[in-house]
Amino acid sequence: MLDKTDSFLLRLLQQDANQTAETLGQKLGLSPSQAGRRRQRLEAEGLIAGYGARVDPEAVGLGVQAMIQVHMAAHAPDAAQSFARLVERTGEITSAWVMTGDADYLLRIYCRDLAALNRLVQEVLLPHPSVARVQSQIVMDQLKPDGPLPL
């Protein structure tokens, strides 16, 4: 169970994970050691899954973002495992979800350009034996970036 202080600490860390225990303690009304211990406990309990930098895709040459719906031809466990391995080893796929509804999977893709996206679809996804079809949607603009969880 999270108390109000833990929830506030998680909100603060989602905004900026580089804050020191001293800064967090000031904002939480705790000593730096208390804030640090709370942070360590949340990490140990798995509530904080990790830390990372947000990189601007366009700044590193990834000008195309797409969402791809994948419809499977086969739904056997070995087919799903094989597709999961393909997703895991394909760097352009940055997120993947198992879905309800018409599509079986939703993939977020980042590529340099449309030609690279086309190669990914035609040479990586469609040749997989379990994939029946894919439907690509190019992201024109992102109105809201991936944000913090609503704690």
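Modeller: A residue is called buried when its relative accessible area is under 20%, and by that cut-off buried residues make up 31% of the 151 residues in the protein chain. Please keep in mind throughout that this is a predicted model.

Colleague: Why does serine 130 count as buried?

Modeller: The relative accessibility of serine 130 is 7%, and the cut-off is under 20%, so serine 130 counts as buried. Serine 130 sits in the loop between α5 (114-125) and β4 (131-138), and, leaving aside residues up to four places away in sequence, it touches His71, Met72, Ala73, Ala74 and Ala79.

Colleague: Why is helix α2 called roughly perpendicular to helix α3?

Modeller: Two packed helices are described by the angle between their axes and the distance between the axes. Helix α2 (residues 21-28) and helix α3 (residues 32-44) pack at an angle of about 100 degrees, with their axes 7 Å apart. Angles of 65 to 115 degrees count as roughly perpendicular, so this term applies to α2 and α3. On the α2 side the contact is made by Ala21, Glu22, Leu24, Gly25 and Leu28, and on the α3 side by Pro32, Ala35, Gly36 and Arg39; these residues divide into five nonpolar, two polar and two charged.

Colleague: What makes the aromatic pair of phenylalanine 83 and tyrosine 105 a tilted one?

Modeller: The count comes to one aromatic pair, and in that pair the rings of phenylalanine 83 and tyrosine 105 lie 4.7 Å apart, centre to centre, with 40 degrees between the planes. Pairing asks for centres within 6.5 Å, and planes under 30 degrees apart count as stacked, over 60 as edge-to-face and the rest as tilted, so the term here is tilted. Phenylalanine 83 lies in helix α4 (residues 77-89) and tyrosine 105 in strand β3 (residues 105-111), so the pair ties together parts that are 22 residues apart in sequence. Both phenylalanine 83 and tyrosine 105 are buried.

Key
Residues are numbered from 1 along each chain as its sequence is written. This is a predicted model: local features need pLDDT of at least 70, side-chain atom pairs count only at pLDDT 80 or more; totals for chains, interfaces and linings use all residues. Side-chain values use heavy atoms; hydrogens and water are left out. Rings of Phe, Tyr and Trp (its six-membered ring) pair if their centres lie within 6.5 Å; planes under 30 degrees apart count as stacked, over 60 as edge-to-face and the rest as tilted. Helices (H or I, at least four residues) and strands (E, at least two) are DSSP runs, numbered from the N terminus. Buried means under 20% relative accessible area, exposed over 50%, partly exposed in between (1.4 Å probe, protein chains only). Contact means heavy atoms within 4.5 Å. Axes are lines fitted to C-alpha atoms, for helices over the stretch in contact, and angles run from 0 to 180 degrees between N-to-C directions. Angles under 35 degrees count as roughly parallel, over 145 as roughly antiparallel, 65 to 115 as roughly perpendicular and the rest as oblique. Ala, Val, Leu, Ile, Met, Phe, Trp, Tyr, Cys and Pro count as nonpolar, Asp, Glu, Lys and Arg as charged, and the others, Gly among them, as polar.
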